[in-house]
Amino acid sequence: MRYAYAITSALLLGGAAATLTLNPSDAQTAQNEPGAINAVSAPRAGAPMSFADMVTRLSPAVVNISTTQRITVQQQANPFSGTPFEQFFGGRGGGGGATPRTQEAQSLGSGFLISSDGYIVTNNHVVSAGAEGATVESITVTLADQKEYKAKLVGRDELSDLAVLKIEGATFPFVRFGDSRQARVGDWVLTIGNPLGQSGTVTAGIISALNRVGQGPYDRFIQTDAAINRGNSGGPMFDMQGNVIGINSQILSPTGGSIGIGFAIPAEQAKPIVDKLMKGQSVSRGYLGLTQQEISADIAAALNITKDRGALVNGVSPGEPAARAGIRPGDVIVAVNGKEITPQQSLTYLVGNEAPGSRVTLDVLRDGKRQQIPVTLGTRPSNDQLAAQSQQFDPDSAPTTPRASTNLAATAGLVVQPLTPAIARQLRLDSTIRGVVVADVDPNSDAATKGLRRGIVIQSVNRQTVTNEAELTRVIQQARAGGAKQVLMYVQLPGEPFARFVPIGIDAAK
């Protein structure tokens, strides 16, 4: 209440008292004006004057999780090796060479019991090795009554950042998942956890936002201003009925501490995954086998489509579901089973929530026409398998030709040459790729600004294949004649599995 009084005092002392001189009838008239928003509403049923009774009831199900990790580190070589001092210092630092050694580390987090026989939900990052070369040796769970149990890791899912543990015993206190789909911005929430090692800490706040997109492809968080700090990870977020509607996972902070922007995994996403992990099953997700890129304002203008709506396909893996269904680079997928693709509801997210082997219908824009394409989904590979597709490319190894041979104004500032089989081998490109290879770029051109450089292959311009400088010039001149300020180039960076669409300005080189 002190805060409410402070606001009132500020209004009175700030010269705004005139706004308080309306009589009741004047105030009612103001509220009834067309378009006016009346913010007066009754509190949602169940909002308490105090959280104490809820905390007493819920706290016993919230646990502290501690992991012991063994980390292998490379020890520095002995600087005294081969000198007269070696007899004194040779035993330190592993002798003359750099020998690995192991050291122990611990991490702390939170979790909560979801069954009387000891199943516990937490974050994957709480119970996984936190450093390269580290292994988790043991997991200890401490209950609110300070009893400790050794926990078994039943299952974990890296993409959702969820894990399930099991401790042996019976009649443990536990909590249940609620329906996070009923959550509203402004609803009260309660969190319990072990921030910074301080066990049994309670914080309260409201839901600040829903469906917040995180860094992962499947992250759709509940945002809250309830204080969440390091050590809260894996702890529960409760609604006012005492149901778990979220699992605290991340914070947004320049300092590493709470600034009122915390994120929780919604129960509607977590529970199906937890159910699978409890049964010892792995979590599989639908997969198309294509790559996509963001539809920027420039690309949207070049394709005459709406920005941030749909997914622009820039690569299709041979033999995968998208290729078998006939999806092509340049297609814009705008919906999956009727659900529109937006920044909050991406293609990866929608497809990943479908079961492998299921049949979905994609709404696709191709050459300005909308069509529906049925696809039978595959199974998404692991992150390591997907990352293994990329290789490193050294642009200094790319071929060059003299700049003087090209009219830079006609080619949007690019010097190109045909992509011969010899150059394709030099650039480690697939033999099926056709196009022109960039030999030089005018540093004052838009092409240079957009990142085009020596060694990049241009496969098409405005969906027209180009195999030499004359064809590139012709397509650009056609675009200029039609009043276009830019063209859409489909470019292949050597070492990457798929090409990308890049809008390039075609004004004369400066």
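**Exercise 1.** Determine whether Phe-172 is buried or exposed.

*Solution.* The model is predicted, with local features needing pLDDT of at least 70 and side-chain atom pairs counting only at pLDDT 80 or more, while totals for chains, interfaces and linings use all residues. Residues are numbered from 1 along each chain as its sequence is written, and side-chain values use heavy atoms, without hydrogens and water. Buried means under 20% relative accessible area, exposed over 50%, and partly exposed in between (1.4 Å probe, protein chains only). Phe-172 has a relative accessible area of 6%, so Phe-172 is buried.

**Exercise 2.** Classify the aromatic pairs Phe-112 with Phe-177 and Tyr-149 with Phe-172.

*Solution.* Rings of Phe, Tyr and Trp (its six-membered ring) pair if their centres lie within 6.5 Å; planes under 30 degrees apart count as stacked, over 60 as edge-to-face and the rest as tilted. The structure holds five such pairs. For Phe-112 and Phe-177, the centres are 6.0 Å apart and the planes stand at 80°, so this pair is edge-to-face. Phe-112 belongs to strand S2 (residues 100-113), and Phe-177 to the loop between strand S7 (162-166) and strand S8 (188-193), 65 residues apart. Strands (E, at least two residues) are DSSP runs, numbered from the N terminus. Both Phe-112 and Phe-177 are buried. For Tyr-149 and Phe-172, the centres are 5.4 Å apart and the planes at 80°, so this pair is also edge-to-face. Tyr-149 lies in strand S5 (residues 148-150) and Phe-172 in the loop between S7 and S8, so the pair ties together parts 23 residues apart in sequence.

**Exercise 3.** State what share of the protein chain is buried.

*Solution.* Of the 510 residues in the protein chain, 42% are buried.

Methods: Helices (H or I, at least four residues) and strands (E, at least two) are DSSP runs, numbered from the N terminus.
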